[in-house]
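Hi there,

Here is the structure I promised to pass on to you. Please have it open while you read the notes below.

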Amino acid sequence: METESPILCYFEGNVVPLKDAKVGILTHAMSYGTGCFEGIRAYWNEEHGQLYMFRTLEHYQRLHHSSRVLMIQLRHTPEELVEMTADLLRRSGIYTDAYIRPMAYKADEIIGVRLHNLRDELYITVQPFGNYIDIDRALNVGVSSWKRIDDNMIPARAKVTGGYVNSALAKTEALMNGFDEAIMLDSNGHVSEGSAENLFMFRNGVAYTPPVTENILEGITRLTIMTLLREELGIPVVERVIDRTELYVADELLLCGTGAQIAPVGSVDHRPVGNGGVGEIGHALQKVYFDVVKGNVPKYAHWCTPVHAEARKPLAAVS
């Protein structure tokens, strides 16, 4: 869908066209992975004529936490970053589902590995965006030979750019082996998460998910699903260690995240999960989740930040 205005971004203190936001090839974060980021979605509700950013404040609070790990000083509060992002979406004229990518990073163009005494910068990009993973079918996944990074190596609870090499290795291995996605184990052989998604396992009417001590990202979508399972579907949720072979005998599995949203799993290591398709819980959870993120459920309206002061129809519907 075309927009009225060029896509804008916040870049090192200024709002500029996205095409003009550039960093030098010696930028510290590019050489050494010394940056941290968030992925945030905004959902277009055609009936409301409104674009809703989903749980944006929580994402920016997590960006502050990740920045603390990397000794990055952010000049804006989470609340200020929420408003800055809404402003970017408005000024970019986006009236469709969108993806928001803020990144805080070490910006000096120098050689040398360290975190201290370096210049800290921030960018925020916005762009129209659809599904990252096909959510209309069950995924075929494989347990990766690559182990999940450990908290004493590169902390998974911080969305550190350099740490995503671990995810890239696992995802490429999975794709080249004919799978859609990878599931990663921690150094003790326990289930951690997907290449970039948290995991839920359903057995005998109970939802299980690895605890935050299993080197997972402390996912915002994960917390959302825990709430929806308990309050909307009446399914108890237990955080505990999960063994690899439990995945083989699960009734249902799903992966979740801001990018992946709700992605049911149909097989693990060529073993079918349940009936091998999207299960009953997966269907029900997808329905309630997309109602919530589009601002259709008043109970969770506080999770949805409207972008446009005056709601309107998408440009394609404007005569």
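This is a predicted model: local features need pLDDT of at least 70, side-chain atom pairs count only at pLDDT 80 or more; totals for chains, interfaces and linings use all residues.

Let me begin with E5, which covers residues 50-54. Five of its five residues are buried, so the strand is largely enclosed by the rest of the structure. In a regular strand the side chains alternate between the two faces of the sheet. Looking along E5, you will find Gln50, Tyr52 and Phe54 pointing one way and Leu51 and Met53 pointing the other way, with all of them buried.

Which strands does E5 pair with? One is E4 (residues 40-45), in the antiparallel sense and over four bridges. Here Tyr43 has Tyr52 of E5 as its bridge partner. E4 and E5 form a hairpin with four residues between them, and Gly49, in the turn, has a positive phi of about 60 degrees. Another partner is E17 (residues 304-306), which pairs with E5 in the antiparallel sense over three bridges. On that side, Phe54 stands opposite Cys304 in E17.

**The largest pocket**

The largest pocket has a volume of about 520 Å³. It is lined by 30 residues, and those closest to its centre are Tyr99, Lys159, Tyr164, Ala196 and Gly259. Several elements supply at least two lining residues each: helices H2 (56-69), H4 (164-176) and H5 (220-231), along with strands E6 (98-106) and E14 (252-257). H4 provides the largest share, with four residues. By class, the lining of this largest pocket divides into 11 nonpolar, 10 polar and nine charged residues.

**The second largest pocket**

The second largest pocket holds about 240 Å³ of space. What lines this pocket? Its lining consists of Arg55, Glu58, Gln61, Arg62, His65, Ser66, Val69, Arg157, Ala158, Glu218, Ile220 and Leu223. H2 and H5 each give at least two residues to this lining, and H2 gives the most, with six. The classes here come to four nonpolar, three polar and five charged residues.

Best wishes

Key. Residues are numbered from 1 along each chain as its sequence is written. Side-chain values use heavy atoms; hydrogens and water are left out. Buried means under 20% relative accessible area, exposed over 50%, partly exposed in between (1.4 Å probe, protein chains only). Two strands pair if DSSP finds at least two bridges between them. On a 1 Å grid over the protein atoms alone, a cavity is a set of points where a 1.4 Å probe fits but cannot get out, and a pocket is an open set with protein on both sides within 12 Å along at least five of seven lines; lining residues have an atom within 4 Å of a point. Grid points are joined across faces, edges and corners, and a volume is the space filled by probe spheres set on the points. Ala, Val, Leu, Ile, Met, Phe, Trp, Tyr, Cys and Pro count as nonpolar, Asp, Glu, Lys and Arg as charged, and the others, Gly among them, as polar.
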